Amino acid sequence: MVVGHFYPHVGGVEKLFMDLAHTLARRGHEVRVICCEEPGARGRREMDGYEIFYYPWPILFGHPLVRGRDLAEHIRWCDVVHTTTFTPAPPARRQARRQGRPIVLTVHEALGERWGWIEENPLKAAAFRAFEKYVITRDYDFWIADSLATQADMEKLGITERVGCVYPMAAAQKAPPSLGKGGELEEYFGLPPKTRAFLYYGRPGQPKGIFVYLKAIRLLLERHGAAAFGDTRFCFILANDPKAQKDKFLSLVKEYGLEGKVIVRDPVERERLSAMIPQALAVVVPSITEGFGYSAVEACALGAPLIHSDGGSLPEVAYGRCLPFRNRDSGDLCEKLWQVISGTAQFRQIPAKEFSPQAMAAAVENIYGKMLGGTGR
């Protein structure tokens, strides 16, 4: 597996490939992950029955510039190369072709024109769109989309054959008995007892819609005043990457006069987060684009009411008590928040959905098997 970042780097792509590597190793496969160095992670490491090789690759716009020469020995060793968008794919494909190995590309999102939604600079947006198209439309042996929404976007780029949807593993991690008894959310955010708290957790990047959400909270203040904030707070657990976006968010909280109403904290251990999620008045996932939607699925699995945009895959994967709003529409989100605060919200009840490691691994094994059969290896 050739990826940009991997554990201990945290993100949806890293989680997908870590879950896949772990599950395939447990099913008897030999797995190597080739990735960029991370703080405290260099050289070779063994984890959960598979190997990880960390290399000192330079970074551009947050993406490692993968060196083909670092991949050569690993691709000679393997039977199948599995890579992902964006920068790992071209060098992995070139090495796979040179050495006669089949290669699979996992695509998490194919944004196309939507690059203009998340990149204010039109020249950068055009460049990112062109590079995305270049990466995705090369000659791979199979393309995997991690949602039907992503697969539909790939079809717009002409990828209509040898492509399929494989959902990532998204089993919720229950809080241990020592947690989850109530009060963890109030304690972590310093809230008075019986405070009603909306919860957002994840990266502060533009595609995650946090600025749409913050504007909706500002509109609440303008439209409903103190009635919107009496015993209600808006709690955010934000990662520190990208730092510029987090700093911008914190600055806007002050500019909008929302200090004390919007509370921001750093990430916590997964067990503690799992204890907090069911205690929220609702979890808010305002993503502008979303290839799969781990936060949404995790909140659903833990029984929290979910307010989500109708962007990307979110309508496809959400279940339980759901309240969708129009993507990028702060006014509509403001209205949904007020409905929840005032007790008039009409949540949709959507039947449960399962995203298991067994289903993911079996689907990927089937793809690998077809390719190996086709090459006679």
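# Questions on a predicted protein model

User: How many helices and strands does the secondary structure of the protein come to?

Analyst: This is a predicted model, in which local features need pLDDT of at least 70, side-chain atom pairs count only at pLDDT 80 or more, and totals for chains, interfaces and linings use all residues. Residues are numbered from 1 along each chain as its sequence is written, and side-chain values use heavy atoms, with hydrogens and water left out. Helices (H or I, at least four residues) and strands (E, at least two) are DSSP runs, numbered from the N terminus. The protein comes to 14 helices and 16 strands.

User: What radius of gyration does the protein have, and what would a compact globule have?

Analyst: The radius is taken over C-alpha atoms, and the globule rule is 2.2 Å times the number of residues to the power 0.38. The C-alpha atoms fill a box of roughly 70 × 50 × 40 Å along the principal axes. For 377 residues the rule gives a value near 21 Å, and the protein agrees with it, at 21 Å.

User: What percentage of the residues count as buried?

Analyst: Buried means under 20% relative accessible area, exposed over 50%, and partly exposed in between (1.4 Å probe, protein chains only). The protein exposes about 16900 Å², of which carbon and sulfur atoms supply 51%; areas come from the Shrake-Rupley method with a 1.4 Å probe, and for residues only the protein chains shown count as cover. Of the 377 residues, the buried share is 53%.

User: What share of the contacts with a separation of 6 or more comes from residues 24 or more positions apart?

Analyst: Contact means heavy atoms within 4.5 Å. Among contacts with a separation of 6 or more, residues 24 or more positions apart account for 64%.

User: How far apart do the centres of the positive and negative side chains lie?

Analyst: Lys and Arg count as positive and Asp and Glu as negative, while His and the chain ends are not counted. Each charge is placed at NZ of Lys, CZ of Arg, CG of Asp or CD of Glu. There are 48 positive and 43 negative side chains, and the centres of the two sets are separated by 2 Å.

User: Which side chain of opposite charge is nearest to Glu-184?

Analyst: Glu-184 is found in helix H7 (residues 184-189). Beyond its neighbours within four places in sequence, Glu-184 contacts Leu-179, Ala-275, Met-276 and Gln-279. Glu-184 is buried and has no salt bridge; such a bridge is a side-chain nitrogen of Lys or Arg within 4 Å of a carboxyl oxygen of Asp or Glu. At 7.4 Å, the nearest side chain of opposite charge is Arg-272.

User: How many residues apart in sequence are the parts that Asp-231 and Arg-196 tie together?

Analyst: The structure holds 23 salt bridges. One of them joins Asp-231 to Arg-196, with the closest N and O atoms 3.5 Å apart. Asp-231 sits in the loop between helix H8 (210-224) and strand S11 (232-238), and Arg-196 in strand S10 (residues 196-202), so the pair ties together parts whose separation in sequence is 35 residues.

User: Is Lys-243 buried or exposed?

Analyst: Lys-243 and Asp-247 meet in a salt bridge (2.8 Å, N to O). Both lie in helix H9 (residues 243-255), four residues apart, about one turn of the helix. Asp-247 is partly exposed, at 37% relative accessible area. With a value of 54%, Lys-243 is exposed.

User: Which residue takes a positive phi just after H6?

Analyst: Helix H6 (residues 148-156) has the buried residues Ala-149, Thr-150, Gln-151, Asp-153 and Met-154. Their cover includes strand S7 (103-107), strand S8 (142-145), strand S9 (163-165) and helix H12 (314-317). Just after H6, a phi of about 95° is taken by Gly-158.

User: How far apart in space are Leu-24 and Phe-189?

Analyst: Leu-24 is found in helix H1 (residues 12-26). At 3% relative accessibility, Leu-24 counts as buried. Its contacts beyond four places in sequence are Met-1, His-29, Val-31, Ala-361, Glu-365 and Tyr-368. Leu-24 and Phe-189 are 165 residues apart in sequence, and their C-alpha to C-alpha distance is 39 Å.
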